[in-house]
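Dear colleague,

Please keep the structure open while you read.

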Amino acid sequence: MSRPDDDYRWPHKHLLGLEDLTPADLRHILRTARGLEDVSTRSVKKVPALRGKVVVNLFFEDSTRTRASFHLAASRLSADVLEFSAKGSSVAKGETLRDTARNIEAMGIDAIVVRHQQSGAPHQLARSVQCSVINAGDGQHEHPTQGLLDIYTVARRLGRDDFDLTGITVAIVGDIAHSRVARSNVHGLRKLGAGVVLVGPTTLLPRGFADMGCELSHDLDEVLPRVDVVNMLRVQFERLQSQAFPSVREYSRFFGLTVKRMEKAKREVIVMHPGPINRGIEVESAVADGPNSAVLAQVANGLAVRMAALYLTTGVNAGVNTGGNA
Ligand code: NCD
């Protein structure tokens with residue numbers, strides 16, 4: 001079958017969000033990840049694609065998985081990696097994001113991977129530096145590589161090698177309001193043809209998501225039997241301005257994925273969670289570790305997706321445009 005994006009060429013210097021990417025961009029980055037997946041299973045887990053390049057991990061918010069994953073991804077492409085945390089740096093002395101980034105860039109950097117509590121910070125950075133910028137999570141806005149790795153995991157599990165998700169329905173459950181993971185997933189999933197149902201309490205489920213082509217629901221028990229994937233989000237306690245639900249116990253009763261509730265789901269339903277999991281709140285341990293869980297596959301796939309993101313934005317054939325995602 002001839003593909004519409006056969007002569008496609010990746011045009012983007014930065015990866016700031018999935019909102020501005022086209023379906024062809026998404027398919028290309030996912031296919032690139034597929035091509036790089038095997039590197040991690042070899043005895044020598046390295047390819048020379050980014051030899052001589054320098055990648056900086058610039059993290060202003062806590063991270064375990066994402067930071068380690070970007071570090072390993074860059075190493076597997078043979079790039080040098082510099083780790084930078086706001087804590088213990090001059091940021092603690094009041095240096096601005098722009099100054100910090102420009103000073104780091106002066107050391108000859110090819111890509112900055114940035115996580116920041118402020119939505120839009122990576123976009124601002126992309127306007128003030130020459131190197132590539134990859135968003136590793138900005139406030140409540142986007143987390144593009146998490147969205148990509150979630151989509152990659154769904155497609156691989158369901159044997160959708162062309163990354164066309166037509167006919168698949170994904171439920172994203174929980175604290176939608178504060179979730180950059182939800183936003184990136186919605187943009188990516190919708191563009192690749194999947195249906196999306198967002199489930200959560202009224203206080204954590206902004207009506208605006210309906211404009212992004214999503215169905216909204218407050219009833220997990222009704223939604224569960226008709227979806228192929230259930231992506232459980234962490235309650236972002238650190239971002240809650242006021243009490244969003246009466247109690248944690250009440251939240252779990254309505255929105256927690258328990259063994260009992262799983263009886264209502266399709267037998268093959270894929271259970272996902274971006275981590276870190278609040279075990280017993282959004283997912284019961286027996287479900288998180290159970291046969292339907294793709295949680296560890298998500299982590300493994302994250303490496304391939306981040307290798308693809310670094311390779312496409314920073315490698316020899318990297319995108320040359322600037323501005324927005326370009
Ligand atoms: C997510 C994040 O930081 O946005 N985690 C992650 O990147 N693995 C989700 C979360 O913190 O709940």
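The buried residues of helix H2 (residues 65-76) are covered by several elements, including strand S1 (54-59), strand S2 (80-85), strand S3 (111-116), strand S4 (132-138), helix H5 (144-157) and H11. Here buried means under 20% relative accessible area, with exposed being over 50% and partly exposed in between, using a 1.4 Å probe and protein chains only; covering residues are in contact, that is, they have heavy atoms within 4.5 Å. Helices (H or I, at least four residues) and strands (E, at least two) are DSSP runs, numbered from the N terminus.

Before going further, please note that this is a predicted model, in which local features need pLDDT of at least 70 and side-chain atom pairs count only at pLDDT 80 or more, while totals for chains, interfaces and linings use all residues. Residues are numbered from 1 along each chain as its sequence is written, and side-chain values use heavy atoms, with hydrogens and water left out.

Which residues of H2 are buried? They are Thr-66, Arg-67, Ser-69, Phe-70, Ala-73, Ala-74, Ser-75 and Arg-76. The 12 residues of H2 reach 16 Å from the first C-alpha to the last, close to the 16 Å expected at 1.5 Å a residue, where the expected span is 1.5 Å times one less than the number of residues. After H2 comes Ser-78, which has a positive phi, near 70 degrees.

Turning to the whole protein chain, it holds 11 helices and nine strands. Its radius of gyration, taken over C-alpha atoms, is 19 Å, close to the 20 Å that the globule rule (2.2 Å times the number of residues to the power 0.38) gives for 326 residues, so the chain is as compact as a globular protein of that length. Of these 326 residues, 57% count as buried.

The domain assignment, which is automatic or from a database, gives domain 1 (23-142 + 301-314) and domain 2 (144-299). Their C-alpha centres lie 25 Å apart, and 28 residues of domain 1 are in contact with 28 residues of domain 2.

A nonpolar core is a set of buried Ala, Val, Leu, Ile, Met, Phe, Trp, Tyr and Cys residues joined through side-chain atoms within 4.5 Å. The largest one has 62 residues, and those with the most contacts inside it are Ile-29, Leu-165, Ile-172, Leu-198 and Leu-310. A second, separate core of 25 residues includes Ala-171, Val-197, Val-223 and Ala-288.

H11 itself has 15 of its 20 residues buried, so this helix is largely enclosed by the rest of the structure. It also has a kink of about 25 degrees, centred on Asn-301, where the bend is the angle between axes fitted to the seven residues ending at a residue and the seven starting there.

Leaving aside residues up to four places away in sequence, Val-173 touches Val-199, Leu-220, Val-230, Asn-231, Met-232, Leu-233 and Phe-255.

With best wishes
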